[in-house]
Every structure is written in structure tokens, then in C-alpha cells.
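Work through the following exercises with the model open beside you. Each one sets a task and is followed by a solution that goes step by step.

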Amino acid sequence: MPTIAVIAPGAMGSAVGARLAGHGARVLTSLDGIDANAVSPETVGRIAAIVASAGAPFLDGAILGLPPQPGAKGPRVYVSGAETAPALVLRDLGLDLRVCPGDIGAASSLKMSYAGLNKGLTALAALVIGAAARAGAGAALLAELAENEPALLARFARGLPDMAPKACRWAPEMEEIAGFLGPDAAGRQVFSGYAALYRRLAAEDGADEIAALMRFAAAAAER
């Protein structure tokens, strides 16, 4: 019976732990105030150095997709590094494990890119939909999206409610993506702004803004 430690058993970690346990693994964790989030390749490099100093092997990993559900295959778990073969046992324990070509940092680069598009688009939607609501154009924007961008509207109907309880966690992830963009000053500015947005939405003062976004999402879901 393999023993696996899951750090930060939140929505994703607890579901992954349940999937592993359901396939015969012994799963250990700590419930004492731990949280984990996506980090940039630079941050992963610093973590790898700490682990290496203890003499332990290290792989870069990234999870793409929603927490696993009974009967479903996902999410996708990508690993990169010099020796990925030992991680392949996770395939026998119910995880959709995939090898990302490259060394330490490759899997995290994929995560930064995917999250930048996915959560960055949600941030852009929150900014523009909020501005439209304040200007009295929210209903008109909803109607226009329903007529000409129905797939985008459906995405916002799902994505905005999903974002609301996670904004506090997404803010530091946006900062990591800003760091991932490196010398691209405009890109760093964009994602630093998204980080500020998510911090604002997560704060007590952001309640009215969140409420307006939820009203838009509810109306979009009815279309």
C-alpha cells in the first residue's frame, strides 16, 4: 500500500486524497492552517533547492481542471523533471497523470499559462461587467453577449460564481503569473492589476461588487 501525503486538503486536495484512498493508497495530511496555490517556475526553483538540500528527489507538478468527481477522469496532473518515472504509479491510483516535457519549472510554466488565460479572463470579465453595471449598461451588455457571444456568456455564468469564494486565493496566483511573465512589463502590469482586483473582491468592501457580478451571472444562466 503506497503512502502519499497531501498538503493543503482544500477542495482540490481533499478530492484528490479521496481519489487516491479509493484506489488503495494510504493518504496522510495536516489540517493545521495549510494552504497551497500555483506558483511560478522561479518559485518552484527555490522550493526544489530546499528539497534537494535535504537529499530528497523533487518533481515539478501542476493540476489543471476541477477537483475529481466520482466517475470522472480529471483533473489532469502534469509532472516535469529529470526522473518522472516514479510518479507514474499515480496512474494506477486513479489520477490522470501526464508527463510535461522539460525540467523543473516546465509543469509550473504550463500552469501559469493556463491559469493566466482562465482566471485572467474571469478577472477581465469582472472588471468590464462591473463597469457596465455602474454605468447602467449591464442589461444591454447581457443582451448583446446572449445574441452574439453565447458561449462566452455561458462561461461567465459559471466562472463568476466559481471565482467569488476563491478571490482571496487567486490574488497571489496572479502575482505569481506576473512574475512568470518576466521582462514583459505590460504583462506584469496587467496581472498585478488582476491581483489587486481579486484582493478587492475578497475584502469586506468588495461585497457590493461581488453581489452585482452574481446578479449578472444569475441572469446569464437564465438565458
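**Exercise 1. The cores**

Which residues of the largest nonpolar core touch the most other members?

Solution. Begin with the ground rules: this is a predicted model, in which local features need pLDDT of at least 70 and side-chain atom pairs count only at pLDDT 80 or more, while totals for chains, interfaces and linings use all residues. Residues are numbered from 1 along each chain as its sequence is written, and side-chain values use heavy atoms, with hydrogens and water left out.

A nonpolar core is a set of buried Ala, Val, Leu, Ile, Met, Phe, Trp, Tyr and Cys residues joined through side-chain atoms within 4.5 Å; buried means under 20% relative accessible area, exposed over 50%, and partly exposed in between, with a 1.4 Å probe and protein chains only. Of the 31 residues in the largest such core, those that touch the most other members are Ile-129, Leu-160, Met-163, Met-174, Tyr-198, Leu-201 and Phe-216. Two or more residues are given to this core by each of α3, α4 (138-148), α5, α6, α7 and α8, where helices (H or I, at least four residues) and strands (E, at least two) are DSSP runs numbered from the N terminus.

Another core, of 12 residues, lies apart from it and has Leu-20, Ala-87, Leu-90 and Leu-97 among its members. In soluble globular proteins, nonpolar side chains tend to be buried together.

**Exercise 2. Helix α7**

Describe the buried residues of α7 and find what they pack against.

Solution. First take the helix itself: α7 has 18 residues and reaches 26 Å from its first C-alpha to its last, close to the 26 Å expected at 1.5 Å a residue, the expected span being 1.5 Å times one less than the number of residues. At its N-terminal end α7 is capped by Asp-184, a side-chain oxygen of which lies 3.3 Å from the backbone nitrogen of Ala-186.

Next list the buried residues of α7, which are Gly-187, Phe-191, Tyr-194, Ala-195, Leu-197, Tyr-198 and Leu-201. These residues cover an arc of only 160° around the axis (taken from the directions from the helix axis to the C-beta atoms), which puts them on the same side of α7. An α-helix has 3.6 residues a turn, so residues three or four places apart point the same way.

Finally, the buried residues of α7 pack against α3, α5 (150-163), α6 and α8 (207-221). Leu-201, for its part, touches Ala-126, Met-163, Ala-167, Gly-206, Glu-209, Ile-210 and Leu-213, not counting residues up to four places away in sequence; contact here means heavy atoms within 4.5 Å.

**Exercise 3. Aromatic pairs and a lysine**

How many aromatic pairs does the structure hold?

Solution. The structure holds 2 aromatic pairs. Trp-170 and Tyr-198 have ring centres 5.5 Å apart and planes at 85°, so this pair is edge-to-face. Rings of Phe, Tyr and Trp (its six-membered ring) pair if their centres lie within 6.5 Å, and planes under 30 degrees apart count as stacked, over 60 as edge-to-face and the rest as tilted. This pair links distant parts of the chain, since Trp-170 is in helix α6 (residues 167-180) and Tyr-198 in helix α7 (residues 185-202), 28 residues apart. Both Trp-170 and Tyr-198 are buried.

Phe-191 and Tyr-194 also form an edge-to-face pair, at 5.3 Å centre to centre and with 80° between the planes. Both residues lie in helix α7, 3 residues apart, about one turn of the helix, and both Phe-191 and Tyr-194 are buried.

Then turn to Lys-119 in helix α3 (residues 106-134), which counts as buried at 12% relative accessibility. Not counting residues up to four places away in sequence, Lys-119 touches Trp-170, Glu-173, Met-174 and Tyr-198.

**Exercise 4. Loops and backbone**

Where are Gly-33, Pro-75 and Ala-8 placed?

Solution. Gly-33 is in the loop between β2 (26-29) and α2 (41-53), and is exposed, with a relative accessible area of 77%.

Pro-75 is in the loop between β3 (60-64) and β4 (76-80), and a cis peptide bond, with omega about 0°, joins Gly-74 and Pro-75.

Ala-8 is in the loop between β1 (3-6) and α1 (11-22); Ala-8 has a positive phi of about 65° although it is not a glycine, and at 12% relative accessibility Ala-8 counts as buried.

Methods
A polar contact is a pair of N or O atoms within 3.5 Å; within protein, one must be able to donate a hydrogen and the other to accept it, and residues adjacent in sequence count only if both atoms are side-chain atoms.
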